[in-house]
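Let's take a look around this protein together. Keep the sequence and the 3D view open as you read.

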Amino acid sequence: DSASISSWAIGYVNAMDTRGFIQGTDGKFNPKANITRAEVVKILDNAIGGFYHNTGTITENASNIVIVNTGDVVLQDMTIQGDLILAEGIDDAVVTLDNVKVSGRVIIRGGSDIIVKGDSALPNVEFIKQDDSVTLKVEDNAEVTNVTVQEGSDDVTLTGEIESLSLVGSHVTVYAVDATIDTAEVSGKNSR
């Protein structure tokens, strides 16, 4: 029934299918039918591999999307096969990633200090933070490959070694303090 999927939605449906968030019923998605509460719960259950809202240390591996929604959290010795979202509930607190490997993106929407250390490996970090400044500290042997600062971010401070920086948000200032950044591109209006 793929011909019944609206043209604007086909990419989203394919992406959710590819990631295993949706499976359909009897080989069909039934895009014109109303979604049930149970189907929404199943999609969320498939998509979210971990939701952490208590302070402390977390050491369990996870698949799909992992959400941290509180500060003073240490993710330690973890592999996340998907995206890691550091959500708004972190407020102005610290999150530490110690020996954490993330295959997808790390999306920073909350927190004042994000510490990446040990043998952590983060291929893509995106700042989509609202209103407050945030610091990303890369320590030890940790690898942060690509950092993107999006619209809505305020001041961002980077320390440590970072392979590439892309500043696409407008009116954003990125400070490099004791940092090595191999390549940087600024395309955001009135950003520096």
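## The largest pocket

Start with the helices: α1 (10–18) and α2 (37–47) each bring at least two residues to the lining of the largest pocket. Helices here are DSSP runs of H or I with at least four residues, strands are runs of E with at least two, and both are numbered from the N terminus. The biggest share of that lining comes from α2, with four residues.

The largest pocket has a volume of about 660 Å³. Of its 25 lining residues, I22, F29, N30, I35 and I43 sit closest to the centre. (On a 1 Å grid over the protein atoms alone, a pocket is an open set of points where a 1.4 Å probe fits, with protein on both sides within 12 Å along at least five of seven lines; lining residues have an atom within 4 Å of a point.)

## About the model

This is a predicted model, where local features need pLDDT of at least 70 and side-chain atom pairs count only at pLDDT 80 or more, while totals for chains, interfaces and linings use all residues. Residues are numbered from 1 along each chain as its sequence is written, and side-chain values use heavy atoms, leaving out hydrogens and water.

## Two exposed residues

Is I35 buried or exposed? I35, in the loop between α1 and α2, is exposed, with a relative accessible area of 52%. (Buried means under 20%, exposed over 50% and partly exposed in between, using a 1.4 Å probe and protein chains only.)

D182, in strand β14 (residues 174–186), is exposed too, at 56% relative accessibility. The C-alpha atoms of D182 and T145 are 9.7 Å apart, though 37 residues separate them along the chain.

Terms used. Points joined across faces, edges and corners; volume = space filled by probe spheres on them.
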